[in-house]
Amino acid sequence: MRLFVLSLLTGVLIFICGFTAFAQVKHPFTFEDMMKIKRVGEPEVSPDGKWVIFSVVDVNLDANTKMPHIWIVPTAGGPEREIIADRDADRPRWAPDGKRFAFISTKEQGSQIWIADFDGVAGAVSAVWRLTSVATEAGGELWSPDGKNIVFTSDVYPECDGEPAQEDICNGKKLNEANKSKVQAQIFTRLLYRHWNAYKEGKRSHIFVVSTINGRPNVGDQLRPVPHDLTPGDYDAPVFSLDGQDNYAFSPDGKEICYTSNHDKNEANSTNNDIWIIPVRGGANASSAQPSAQARNITADNPASDATPLYSPDGRYIAYRAQQRPGYESDRFRLMLYDRKTGEKTDLTQSFDHWVGSFVWAPDSKTIYFSAEHLRHSLIYAVGTKPVSGTANPIEFPRRALVGGFDDDVTVTPDGKELIFTRMSLKAPIEIYAADATVNGCPARTGNVDAGKEDCSLSKDWALTHTNDKLLSQISMSDGEPFSFTGAHGDWVEGTLVKPPNFEASTKYPVKFLIHGGPQGAWGDDWSYRWNPELFAANGYLVIMINFHGSTGYGQKFIDAINGDWGGAPYEDLMKGLDYAEKTYPFIDKDRECALGASYGGYAINWILGHTHRFKCLVSHDGMFNAESAWGTTEELWFNDWEFKGTPYDNRAMYQKWSPHQYAKNFKTPTLVIHGQRDYRLDVSEGFQLFTTLHMEGVPSKMLYFPDEGHWVLKPQNSRLWYETVNAWVDQWTKK
């Protein structure tokens with residue numbers, strides 16, 4: 001009997017251990033896994049400091065949709081949960097009293113602003129209603145400090161500027177006429193008639209103000225408050241922006257807004273965005289006796305870009321980001337301070353050799369917290385608004401590195417004690433984190449820890465959300481391993497290696513050599529849905545990435561090195577980096593390597609085509625092939641003019657020197673070409689030219705063409721086809 005019991009216990013233990021081991025088995029990352037990930041963003045702290053509200057995008061692969069919802073999490077810790085789930089709901093923004101929040105939804109009449117009543121005790125929504133009914137739709141909502149008004153943006157016809165009651169009627173009529181017209185032709189009278197992935201169709205982005213006092217549930221559209229255009233005229237105000245911090249803000253007293261606009265005659269060749277100020281007319285304080293307000297330019301003395309203005313809580317300053325070299329979109333972004341009383345402007349980051357990203361004021365107006373790339377990471381720094389005592393010219397301000405990792409979207413709790421921000425890594429998408437804002441951190445005058453001050457520590461941080469923890473716990477992924485080597489000009493250059501799941505050092509692995517875009521971008525310890533290194537490694541590949549000259553996070557001199565040298569130092573870095581990896585890591589099979597890149601990375605692939613035959617295959621996505629034709633078909637002409645030091649007709653030698661099409665007779669490597677019809681940064685004709693040339697030269701090639709995508713492939717099922725096609729192409733030429 002005893003033997004039977006022992007045998008039974010042994011069997012149970014074996015079963016339990018076996019079940020536990022089975023439960024802990026992880027599988028390689030798949031595209032379907034990536035589509036199940038909840039995409040977290042835009043955290044906002046409630047005015048009482050008790051809640052963080054944020055958006056979460058869910059992807060439905062079968063329906064080919066992405067749907068945003070609104071979630072909430074306590075700042076003190078606790079499970080996050082969805083509070084608006086029955087509609088698409090995006091960009092939540094708290095009202096100043098914390099009893100409401102605004103959000104954007106397309107549930108009725110396209111994109112409109114909605115209001116939700118919020119129970120701060122239960123952390124729940126009690127009611128929602130639509131505030132706006134704008135014919136040209138509404139977005140980018142922002143509350144006034146007294147909660148009586150909301151400003152928002154809308155793309156409108158500038159000729160409809162006039163009486164507020166008639167503006168929306170005029171815009172609606174023109175929009176309806178355009179949609180119903182049997183003639184779809186357009187007439188252009190200026191450049192920048194299309195941008196990024198859409199034609200502008202004669203419309204401009206303007207900022208409107210609307211009262212929230214009369215916005216109540218179940219009112220008819222004819223009774224809804226009438227929005228008032230604060231930035232009329234034939235200008236974009238605010239300017240176009242893909243992402244990041246808003247380009248407009250309310251003053252603390254609610255009497256004015258500041259915003260970014262470019263009034264240069266040729267916008268296609270200008271980066272001269274300026275900060276403008278205008279009194280708030282209309283909204284809850286509307287009066288028929290109010291005269292038309294005149295905007296005032298406060299940065300007219302700077303011919304380069306000034307953007308993302310934000311008032312200090314005490315109302316004394318406006319902080320903003322600025323560049324110094326006109327026409328150069330990749331000049332260093334400095335953090336500037338404008339004194340509203342004296343008009344004096346101060347650079348808070350004179351010796352700081354990295355780009356300032358998103359930023360936020362501390363509640364006491366004495367400190368600004370900001371994110372900035374540093375090597376493969378994006379740290380959170382703090383800078384004081386008072387100069388270091390006894391500092392000589394140039395004036396220095398105390399700067400500290402506070403939080404490590406790859407962080408962005410930084411904000412601060414109302415008591416000033418905690419930072420709230422987003423964080424991601426190579427192995428994990430964005431989640432929301434918190435950190436102690438009161439620590440000293442590490443002195444970082446230039447961005448690096450000050451020499452002799454290395455005995456310091458960063459702030460303690462912790463995760464507030466765990467939205468994807470369960471899913472990620474079932475997936476096998478590797479940390480990115482940094483390495484470095486001596487690149488072009490004898491400079492220190494950094495790279496990253498990602499190993500496949502179940503890696504064995506005794507095995508020889510094929511390589512996917514990824515080349516980033518920009519070119520002023522970088523491979524960091526961050527997450528991507530479009531070019532995900534973990535997903536590229538998942539089917540048995542080593543992934544190698546090099547941050548060549550021109551990459552961000554290594555100082556402005558390193559960034560500037562690519563100007564006028566597109567196929568020079570960067571190409572040398574790429575080849576030397578791969579040489580170094582091959583010599584250092586014996587598990588690399590150098591006879592089975594494929595190079596892949598998009599945007600500038602696509603250009604680099606096209607350059608590689610004519611300059612080396614070391615790769616078994618290539619993938620060129622949205623790359624420049626003919627530098628001269630690319631100049632004539634792009635929208636942002638300032639970019640090409642700067643990078644190639646003029647136009648093709650006044651500096652043709654530069655365009656010819658670095659144009660991949662000039663070396664077509666050397667093309668031999670099998671190449672997959674990918675391009676989107678709606679890519680107006682690098683026109684689809686660049687992809688067609690490359691594909692035609694490859695076939696004319698008898699090079700094995702294939703083209704993946706997306707009629708409904710722009711520079712990025714964003715639709716879920718298009719993304720699946722993209723990954724399937726790319727991976728199949730690489731497998732075809734590298735797998736034994």
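Which residue forms a salt bridge with K38? In this predicted model, the partner is D58, with the closest N and O atoms 2.8 Å apart. K38 sits in the loop between α2 (31-36) and β2 (39-45), while D58 belongs to strand β3 (residues 51-60), so the pair links distant parts of the chain, 20 residues apart. Helices here are DSSP runs of H or I with at least four residues, strands are runs of E with at least two, and both are numbered from the N terminus. A salt bridge means a side-chain nitrogen of Lys or Arg within 4 Å of a carboxyl oxygen of Asp or Glu, and the count by this rule comes to 37.

As for ground rules, residues are numbered from 1 along each chain as its sequence is written, and side-chain values use heavy atoms, leaving out hydrogens and water. Local features need pLDDT of at least 70 and side-chain atom pairs count only at pLDDT 80 or more, whereas totals for chains, interfaces and linings use all residues.

Another salt bridge joins E396 and R399 (3.1 Å, N to O), and both of these residues are buried. Buried stands for under 20% relative accessible area, exposed for over 50%, and partly exposed for what lies in between (1.4 Å probe, protein chains only). K38, at 24%, is partly exposed.

Then there is helix α7 (residues 569-584), whose 16 residues reach 22 Å from first C-alpha to last, close to the 22 Å expected (1.5 Å times one less than the number of residues). Its buried residues include Y571, L574, M575 and L578. Among the elements covering the buried residues of α7 are β38 (588-598) and α8 (600-609), contact being heavy atoms within 4.5 Å.
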